[in-house]
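Thanks for coming. Please have a look at the model on the screen before I start talking.

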Amino acid sequence: MSISVPKRQLFIDGQWKAPLLNKRIPIINPSTQLIIGDIPAATKEDVDLAVAAAKSALSRNKGADWASASGSVRARYLRAIAAKITEKKTELGKLESLDCGKPLDEALWDLDDVAGCFDYYADLAENLDKKQKSPVSLPLETFRSYVLKEPIGVVGLITPWNYPLLMATWKVAPALAAGCAAILKPSELASVTCLELAEICREVGLPRGVLNILTGLGPEAGAPLASHPDVDKIAFTGSSATGSKIMTAAAQLVKPVSLELGGKSPVVVFEDVDIDKAVEWTLFGCFWTNGQICSATSRLIIHESIATEFLNRLVKWAKNIKISDPFEEGCRLGPVVSEGQYEKILKFISNAKSEGATILTGGSRPEHLKKGFFIEPTIITDVTTSMQIWREEVFGPVLCVKTFSTEEEAIDLANDTIYGLGSAVISNDLDRCERLTKAFKAGIVWINCSQPCFAQAPWGGNKRSGFGRELGEWGLDNYLSVKQVTQYISDEAWGWYKNPSKL
């Protein structure tokens, strides 16, 4: 596949700017392990420039250019961005596959979602105008009260590498719809399409400073962004360990944060299912996006009466998944994103084996692929609840399995985790599904499926999977500050103190 990675700089105040220290980071194609380009490496000095640009964008023309402009004005830019993404979909999809190893079909699907997300938040930006001055019912007739929703200000958006442009869009689109100015810091492992978003913003004439994009390492660019005194909020998607560091930095300034962190989500399969349908959803829930999904239903909890047959078919389906270069037609599993992730996942598998688990299928590099960070779809049985593979997030194509006999046991196993992002139940008994929906301690429940996601529905977790919700109207609320306005409307004096002129 002949496609080259454009040479880009940092995007600050509507312009391409070289990093002040002139550092760059190599881009490694995870399918070939070859260097295919580089990205600029921002440092604290560049963060300071980007934050200043964002701050100026909000105050320019007394806010009329962006922050206090009509939502319909901002909506026009969001729709223009969506149209450009659709126009460049093929090129952007190829760049994303090249950069992070995602099968091209998946990358193109993601880009439809990117455009759809910008369009959706354009609609919400327009609706925001209609919701301003929403009245508040009061018990006293002498007062009138209403609510204003205002942009929270300058926001720092730190995003992961598994859905490079889509995860960025989940934050950028609502932040801009709300009237905020943003600094986006994507993961250094997959930043290429986020830099192309900068070019799109330049092409559609987005007011300068409204969106600034800084690529670079977490400690050198992400950390100074999280702790910057002029950043009013941080929104982060990534590991629980990094999320904890961001919370600590933000706490020093009492800065609000929203965090979408790790997961170890369950899929509970009962004995009354269509086995092949349930097998496919089980595979999709764990092996989609090369297994690198925070919400992956990576713990299969299967009823003991169908476990043997189910696992036999699961292995057959898993062995039938096409593992190849992401650009090959029909590819359904590409490489994981980096050598570091590759080694980490293989270590998880090795540890599971040494702790006594059985590698039912997979567990190593596919024989036909000598280069690239490829790992076969891996299914692990004979797992106990104390094992690392049951308790910790792998973030790779690895599914662990336990059986259950009663509904109560299934619920206990499903909730046996420090995380609480996703959960799934597969059963033809919808009353049972409803009971499990209520019992799952997670922010998302899927019934008879796994992983569907829509811009209109809230996304987020409980426990160590973070807090706050993205997408839907909840995603917009992340970037809005609520202001109460109350007016005294009586002609009478308040009369609490004695008027000295009437003594």
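First, the conventions. This is a predicted model, in which local features need pLDDT of at least 70 and side-chain atom pairs count only at pLDDT 80 or more, while totals for chains, interfaces and linings use all residues. Residues are numbered from 1 along each chain as its sequence is written, and side-chain values use heavy atoms, with hydrogens and water left out. Helices (H or I, at least four residues) and strands (E, at least two) are DSSP runs, numbered from the N terminus.

Let me start with helix α1, residues 44-59.

Which residues of α1 are buried? Buried here means under 20% relative accessible area, exposed means over 50%, and partly exposed is in between, with a 1.4 Å probe and protein chains only. The buried ones in α1 are D46, V47, A50, V51, A53, A54, A57 and L58. Viewed down the axis of α1, they fall within an arc of 160 degrees, so they line one face of the helix. The arc is taken over the directions from the helix axis to the C-beta atoms. Their cover includes strands β1 (10-12), β7 (154-158), β8 (181-185) and β9 (211-213), and also helix α7 (218-226). After α1 comes N61, which has a positive phi, near 55 degrees.

One of those covering strands is β8. Five of its five residues are buried. On one side these are A181, I183 and K185, and on the other A182 and L184. Two strands pair if DSSP finds at least two bridges between them. β7 and β8 pair in the parallel sense over five bridges, and G156 stands opposite I183 in β8.

Next, the open sheet. It has seven strands with mixed pairing, in the order β14-β15-β16-β13-β12-β18-β19. β14 (358-361) and β19 (446-447) are at the edges with a single partner strand each, so one side of each has no neighbour in the sheet. β14 pairs with β15 (residues 378-381) in the antiparallel sense over three bridges, and the bridge partner of T361 in β15 is I379.

Helix α9, residues 275-287, lies across β12 (266-269), β13 (299-303), β15, β16 (398-404) and β18 (424-426), and it runs at about 135 degrees to β16. Axes are lines fitted to C-alpha atoms, for helices over the stretch in contact, and angles run from 0 to 180 degrees between N-to-C directions.

Now a single residue. T193 sits in helix α6, residues 192-203. Is T193 buried or exposed? It is buried, at a relative accessible area of 2%. Contact means heavy atoms within 4.5 Å. Leaving aside neighbours within four places in sequence, T193 is in contact with L92, L95, E96, P164 and L165.

Last, the salt bridges. How many does a search of the whole structure find? It finds 30, a salt bridge being a side-chain nitrogen of Lys or Arg within 4 Å of a carboxyl oxygen of Asp or Glu. R24 forms one with D38, with the closest N and O atoms 2.6 Å apart. R24 lies in strand β3 (residues 24-28) and D38 in strand β4 (residues 35-40), so the pair ties together parts that are 14 residues apart in sequence.

R79 and E126 form another, at 3.0 Å from N to O. This pair links helix α2 (residues 71-87) to helix α4 (residues 104-131), 47 residues apart. K88 and E203 meet at 2.9 Å, N to O. K88 is buried at 15%, whereas E203 is partly exposed at 33%. Finally, E271, D272, E407, R432 and R435 are linked in a network of salt bridges.
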